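Welcome, and please open the model in your viewer with the sequence panel beside it. We will go from stop to stop, with something to select at each one.

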Amino acid sequence: MKKIQILSNQNKIYSESVNQVNCLCECHEFSIRFVFNGSEVYNIGSKELGMFPDNFLIINEGTVYNRKIDSEAAVNTLSVLYTKQFLNSFHHSITSSDCVLLDGPFNPPNSYNPIFFETLYPLQGDMMFNLQHIRRLFNSEINNDLLMNEYLYHCLFNFYRIYHKEILVKSERLNVVKIRTRNELFKRLNDAKDYMISNYNKDIQLEDICNYACLSETHFYRSFRQTFHCSPHQYIIQLRLSQARHMLKTTNYEVREIVNLIGFDCVSSFIRLFRDKFGVTPGNFRLIAAA
């Protein structure tokens with residue numbers, strides 16, 4: 001099942017509910033992509049990115065990618081696509097002074113064409129709540145172009161805030177003087193982070209991650225801690241616990257099944273780590289979420 005809504009300014013919302021997809025595409029507009037259940041895999045260049053309900057992906061205009069879904073249950077996805085004119089205007093309004101904006105309110109430069117890291121970003125806070133509003137209005141019978149445009153504006157605004165936190169701030173943590181070297185190191189660390197997110201439920205080793213990122217183990221370990229303020233092992237544990245929380249809220253899997261699905265070996269260790277992280281046992285969390 002597919003549904004698309006085109007707004008008066010030509011921005012679009014596209015939703016799909018499918019079991020299987022395997023297609024090569026080119027992105028004609030900057031887009032923000034979400035998945036609400038299950039998973040969706042994107043191949044961009046040599047990178048394989050596994051999207052889950054607690055993260056989202058952006059794809060720049062002109063990027064060629066392969067998209068795959070293979071699931072027994074239908075996977076529900078939603079994409080928000082922005083025209084180049086709208087993105088340039090938004091970028092101009094966010095990055096320019098009030099003086100510049102007052103002098104030329106209706107003529108933003110066409111030469112901006114901002115390019116962002118095509119990586120997985122955390123879906124949380126205002127971005128998550130804003131997405132819920134978009135989805136609710138999109139699935140309703142109400143045709144409110146003005147309100148939907150407002151939601152899409154806030155979606156892009158929230159992305160810029162997340163981008164600042166996840167990319168600009170974290171890259172500055174690296175103790176590297178040369179900007180080009182720092183950018184390349186941060187790119188490789190992001191590749192490693194995406195690899196961990198995409199394979200969080202597998203038995204991946206530090207050597208696998210380092211080979212994927214093209215970094216030595218000591219260099220990777222030191223730089224990763226510097227950037228993400230945790231070790232790679234701790235990062236994977238947090239990913240698994242986050243996925244477990246989502247499964248406890250949205251599925252009927254037993255705790256033992258969830259432990260296997262997220263890559264843990266020991267149920268008692270999982271329960272202890274879950275309680276330490278969220279302040280409640282998995283069983284009680286499920287009861288509270290269902291109340």
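Select helix 6 (residues 206-213) together with what covers its buried residues, which includes helix 5 (179-198), helix 7 (217-228) and helix 8 (232-250). Helices here are DSSP runs of H or I with at least four residues, strands are runs of E with at least two, and both are numbered from the N terminus. This is a predicted model, in which local features need pLDDT of at least 70 and side-chain atom pairs count only at pLDDT 80 or more, while totals for chains, interfaces and linings use all residues. Residues are numbered from 1 along each chain as its sequence is written, and side-chain values use heavy atoms, with hydrogens and water left out.

Now show side chains within helix 6: Ile-209, Cys-210 and Ala-213 are the buried ones. They span an arc of only 95° around the axis, so they sit on the same side of helix 6. That arc is taken from the directions from the helix axis to the C-beta atoms. Buried stands for under 20% relative accessible area, exposed for over 50%, and partly exposed for in between, with a 1.4 Å probe and protein chains only.

Stay on Ala-213, which is buried at 3% relative accessibility. Which residues is Ala-213 in contact with, leaving aside its neighbours within four places in sequence? They are Arg-188 and Ala-192, where contact means heavy atoms within 4.5 Å. Then step just past helix 6 to Cys-214, which has a positive phi of about 55°.

Most residues other than glycine have a negative phi. Pick His-229 in the loop between helix 7 and helix 8; its phi is positive, about 60°, although His-229 is not a glycine. His-229 is exposed, at 57% relative accessibility.

Next, go to Gln-10 in the loop between strand 1 and strand 2. Gln-10 is not a glycine either, and its phi is positive at about 75°. The hairpin around Gln-10 has five residues between its strands. With a relative accessibility of 45%, Gln-10 is partly exposed. Strand 1 and strand 2 pair in the antiparallel sense over five bridges; to count as paired, two strands need at least two bridges found by DSSP. To look across the pairing, select Gln-5, which stands opposite Ile-13 in strand 2.

**Helix 3 and its cover**

Select residues 125-139, the 15 residues of helix 3. From first C-alpha to last, helix 3 reaches 22 Å, close to the 21 Å expected at 1.5 Å a residue; the expected span is 1.5 Å times one less than the number of residues. Which residues of helix 3 are buried? They are Met-127, Asn-130, Leu-131, Ile-134, Leu-137 and Phe-138. Looking down the axis of helix 3, you will find its buried residues within an arc of 135°, so they line one face of the helix. Their cover includes strand 1 (2-6), strand 2 (12-26), strand 3 (30-35), strand 6 (55-59), strand 7 (64-82) and helix 4 (145-172).

**Into the core**

Now select Ile-32, Phe-34, Phe-56 and Phe-159, which touch the most other members of the 80-residue largest nonpolar core. Helix 4 gives this core its largest share, 10 residues. A nonpolar core is a set of buried Ala, Val, Leu, Ile, Met, Phe, Trp, Tyr and Cys residues joined through side-chain atoms within 4.5 Å. Centre on Phe-34: beyond its neighbours within four places in sequence, its contacts include Met-127 and Leu-131, as well as Phe-56 and Cys-155.

**Aromatic rings**

The structure holds 28 aromatic pairs. Rings of Phe, Tyr and Trp (its six-membered ring) pair if their centres lie within 6.5 Å; planes under 30 degrees apart are stacked, over 60 edge-to-face, and the rest tilted. Phe-159 and Tyr-160 make an edge-to-face pair, 6.1 Å centre to centre with 90° between the planes. Phe-159 is buried at 0% relative accessibility, and Tyr-160 is buried at 12%. Both belong to one aromatic cluster that also includes Phe-34, Phe-56 and Phe-116.

For the last stop, select Phe-274 and Phe-278, four residues apart in helix 10 (residues 267-278), about one turn of the helix. Their ring centres are 4.7 Å apart and their planes at 55°, so the pair is tilted. Phe-274 is buried at 0% relative accessible area, whereas Phe-278 is partly exposed at 22%.
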